[in-house]
Amino acid sequence: MTEEETVTRLKEAAKAKRDAEAAAAKQFEAAVVDALRGGLKPKAVADATGYSYETIRRIARANDIGRLREPTVTSRKKVRPEAGD
C-alpha cells in the first residue's frame, strides 16, 4: 500500500468514526429528552447514564424542557431591589 493510499484510508476511517460518534450523540440526546419528558428527574437520568447532572441539564435546556421545580435560592436583588444599591 502506498503512502497516499494509507493516508486516504486513515482519513476515511477518521470520518467514519466522527460520523458514528455524532450519530451516537444524537441517539443519546433523544433518549435523555424522552426520559425527561416521560417524567424522569434529571438526577435519575444522570445516575442511570453516568453523565453529570450538568450535562443532562444542558440537554434539557437545549430541547426546551423547562425546570421541574423553581429555584430554591433567590438573589437579594430580586427579593429587595433596593438591596442591590
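Predicted model: local features only at pLDDT ≥ 70, side-chain atom pairs only at ≥ 80, totals over all residues.
Which residues of H1 are buried?

**View 1. The buried spots of helix H1.** Val-32, Val-33 and Leu-36 are the buried ones in H1, with buried meaning under 20% relative accessible area, exposed over 50% and partly exposed in between (1.4 Å probe, protein chains only). Their cover includes helix H2 (42-49) and helix H3 (53-62). Helices here are DSSP runs of H or I, at least four residues, numbered from the N terminus.

**View 2. H1 from end to end.** Just past H1, Gly-39 has a positive phi of about 105 degrees.

View 3. Pro-42, Val-45 and Ala-46 are buried in H2. Looking down the H2 axis, they fall within an arc of 100 degrees, so they line one face; the arc is taken from the directions from the helix axis to the C-beta atoms. They pack against H1 and H3, with contact meaning heavy atoms within 4.5 Å. Turned away from that buried side are the exposed Lys-43, Asp-47 and Ala-48.

**View 4. Met-1, ahead of H1.** Met-1 lies in the segment before H1 and counts as exposed because its relative accessibility is 71%. Beyond its neighbours within four places in sequence, Met-1 is in contact with Thr-6 and Arg-9.

Residues are numbered from 1 along each chain as its sequence is written, and side-chain values use heavy atoms, without hydrogens and water. Local features need pLDDT of at least 70, side-chain atom pairs count only at pLDDT 80 or more, and totals for chains, interfaces and linings use all residues.

How values were computed: Helix = DSSP H or I, 4+ residues; strand = E, 2+ residues; numbered from the N terminus.
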